[in-house]
Amino acid sequence: MFSKKGTQWTTTIGLIALLLFVALYIIFSTHVKQVTLDTADRELCKNSVLSRAKLKILGNPIGPLNCQTNDLEIKEIETNKIHDKIAREMYLCLNQFGYEKDKPMPDFLSDWDFAGSDTWCFICSNINFGESVQKKYEAIGGLDEYLSNNKIPLSSLTWQEYLNIGTNDKLTLTSSINPKEPLYVVFFANKGTSLKNMLISGGV
């Protein structure tokens with residue numbers, strides 16, 4: 001038979017364990033929910049891109065382009081993890097616009113989308129860095145080396161091999177990332193010539 005003191009101690013431990021479980025569940029479920037929402041947004045974008053590429057009037061794609069900018073905060077301080085998160089955003093940027101390696105890009109933009117310009121762009125990702133990252137780094141370099149030397153998960157291609165999408169299209173990287181400024185992953189389309197993905201630092 002437990003003593004009163006022992007019962008209180010057991011109850012206290014049980015409550016702490018329960019509160020810890022609840023806290024972890026809330027954190028985990030919030031993270032999963034956010035990841036799910038981000039994935040759903042990108043799939044909605046990709047579906048609208050592919051739909052516009054199929055539905056045309058007088059050669060011009062029709063229908064809404066349902067794409068949203070993904071807001072991301074990077075809190076990891078290890079450079080490999082920072083580079084990996086940026087690489088994934090670049091990969092997903094191209095993917096949501098229907099890019100597949102060694103296949104033509106979907107023709108989803110109309111003359112109206114260009115609005116008289118020769119270039120169309122969309123900000124896929126708005127990346128900010130957490131306070132711990134800002135304190136550790138004045139500048140973050142080495143992204144180009146990471147892209148060249150690391151493979152995409154479950155793929156034989158490196159990030160660089162995937163992102164360089166053609167002879168007329170090129171991947172443009174900022175040479176050094178300032179963690180105190182936002183970083184943007186931007187998708188560009190040049191009218192009548194090519195599509196490309198560009199990464200820039202600072203304001204647009």
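A salt bridge, as I use the term here, is a side-chain nitrogen of Lys or Arg within 4 Å of a carboxyl oxygen of Asp or Glu. With that cut-off I searched the whole structure and found 7 salt bridges.

**Basis of the entries.** I am working on a predicted model, in which local features need pLDDT of at least 70 and side-chain atom pairs count only at pLDDT 80 or more, while totals for chains, interfaces and linings use all residues. I number residues from 1 along each chain as its sequence is written, and my side-chain values use heavy atoms, with hydrogens and water left out.

**Overall layout.** I took helices (H or I, at least four residues) and strands (E, at least two) as DSSP runs, numbered from the N terminus. On that basis the protein chain has 6 helices and 6 strands, and I read their order from the N terminus as α-β-β-β-α-α-β-α-α-α-β-β. I counted a contact as heavy atoms within 4.5 Å; of the contacts in the protein chain with a separation of 6 or more, 71% are between residues 24 or more positions apart.

**Surface.** I call a residue buried under 20% relative accessible area, exposed over 50%, and partly exposed in between (1.4 Å probe, protein chains only); 34% of the 204 residues of the protein chain count as buried.

**Salt bridges.** I looked up Arg52 and found it in a salt bridge with Asp113, where the closest N and O atoms are 2.4 Å apart. This pair links distant parts of the chain, since Arg52 sits in helix α1 (residues 4-54) and Asp113 in helix α3 (residues 111-114), 61 residues apart. Arg52 counts as buried at 6% relative accessibility, whereas Asp113 is partly exposed at 26%.

I then turned to Asp107, which forms a salt bridge with Lys56 at 3.1 Å between the closest N and O atoms. Here too distant parts of the chain are linked, with Asp107 in the loop between α2 and α3 and Lys56 in strand β1 (residues 56-57), 51 residues apart. Both partners are partly exposed: Asp107 has 43% relative accessibility, and Lys56 has a relative accessible area of 36%.

The salt bridge of Arg88 and Asp84 has an N to O distance of 2.7 Å. I note that these two residues are 4 residues apart in helix α2, so about one helical turn separates them. Arg88 is partly exposed at 37%, while Asp84 is buried at 18%.

**Aromatic pairs.** I paired rings of Phe, Tyr and Trp (its six-membered ring) if their centres lie within 6.5 Å, and I called planes under 30 degrees apart stacked, over 60 edge-to-face and the rest tilted. My search of the whole structure gave 11 aromatic pairs. One of them is Tyr91 with Tyr162, a tilted pair at 4.6 Å centre to centre and 35° between the planes. That pair links distant parts of the chain, Tyr91 lying in helix α2 (residues 79-96) and Tyr162 in helix α6 (residues 159-163), 71 residues apart. Tyr91 counts as partly exposed at 25% relative accessibility, but Tyr162 is buried at 7%.
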